[in-house]
Amino acid sequence: MKKSKVIVIKLGTSVLTAGTDKLNKPRMIDIVTQCMALKQQGYLPVLVSSGAVAAGRDAVAHSVGVSIAEKQMLAAIGQGQLIHLWQSLFALFDQPVAQLLLTRADVEDRERYLNARDTITQLLKHQVIPIVNENDAVATSEIKVGDNDNLSALVAILANADKLMLLTDQPGLFTADPRSNPKATLISEVEFIDQSLMALAGGAGSKLGTGGMYTKLEAARTAQRAGIETIIAKGAEPQVIEQVMAGTAQSTTFVRFGAPLEGRKKWLMSGPKSTGYVQCDPGAVAAIAHQGASLLAKGIVAIGGEFARGDVIEVRDLDNQLLAKGLVAFDHQEMDQIKRLHSSEIPLVLGYPASNVVVHRDDLVLLDIYAGSL
């Protein structure tokens, strides 16, 4: 797979504040210096920056609570200060930057996804560093990406990145929580992210941020599926970005899957939420996973949820293992009538001409262990 020169760097709140309640300017200028060194080597950095809420708390003289509305208020206050600080620091190197505020809705809608992708592409083309954050001031629980770890994976897909760096207060994923277990050891490389690995991850690690190691594994899994290498490293380490690029950083690397995805399939994988699912027999699973086949009604044994034609559905095996996501050609009521039928029987049962496939292979993207097997 042809490598991109784009490197997405996600900066957690704990990294930007150096563990305090305020943005740490020396830490931020160090990050800026590293990004400029990266750029001088021919790479195109993209920052996914947390810290708006922390900046807002710093600006408000009195104490503010932790409700969603109060956090949105703090984000509205702090986002302007955050981007202004980034602009002033990069201006020391005569480097222009641009602010992008995204929500889940911006990647779920195909047209908005393409608009965001085109904006990032043009910024990079003109040597401008995009600085991305979630639009916390207006996002609701229904459209929030939820944390900047998962947002950074979506940005990496939008930017067609080669690497995603998740810089945090830990050097990577450990066999146990190193803060409470002195015998915990660092896992240096991960090929597949399974449930046992997810069980190693805890909840939010800092009162200032929203994402713990669990969300970093979610982000790494999303990036893996898109053919993007993900590295978790400690943001406080000197020259950590340079070390990650050289492969010498103390870190956890999540190996990219080898199968490149087309733009439309990257959107299917990263953007729309699934509204229902179908379960397939072993023959259908094998045909989809290993032969590049479309999903036919004959291979479907059960359905779940409600969905309309053109919705995104999950394709699962009989063990409920997620196989793929795709755009379905029938609604859930039609699917219930045609499951297990040969394609030639579908028009007879429905009483009108219909597609001979449930999900066409061009509208289907493989996920998890199946994607890694291609």
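User: Which residue of β4 does V97 stand opposite?

Analyst: In this predicted model, V97 stands opposite I129 in β4, where strands are DSSP runs of E of at least two residues and helices are runs of H or I of at least four, both numbered from the N terminus. Residues are numbered from 1 along each chain as its sequence is written, side-chain values use heavy atoms with hydrogens and water left out, and local features need pLDDT of at least 70, side-chain atom pairs count only at pLDDT 80 or more, while totals for chains, interfaces and linings use all residues.

User: How do you know that β3 and β4 pair?

Analyst: Two strands pair if DSSP finds at least two bridges between them, and β3 and β4 (residues 129-134) have six, in the parallel sense, so they meet that definition.

User: Why are β3 and β6 said to stand at the edges?

Analyst: The open sheet runs in the order β3-β4-β2-β1-β5-β7-β8-β6, and β3 (97-102) and β6 (189-190) each have a single partner strand, so one side of each is left without a neighbour in the sheet.

User: Why are α2 and α4 called oblique to each other?

Analyst: Helix α2 (residues 25-40) and helix α4 (residues 68-91) pack at about 55°, with axes 10 Å apart, the angle running from 0 to 180 degrees between N-to-C directions of lines fitted to C-alpha atoms, for helices over the stretch in contact. Angles under 35 degrees count as roughly parallel, over 145 as roughly antiparallel, 65 to 115 as roughly perpendicular and the rest as oblique, and α2 and α4 are therefore oblique.
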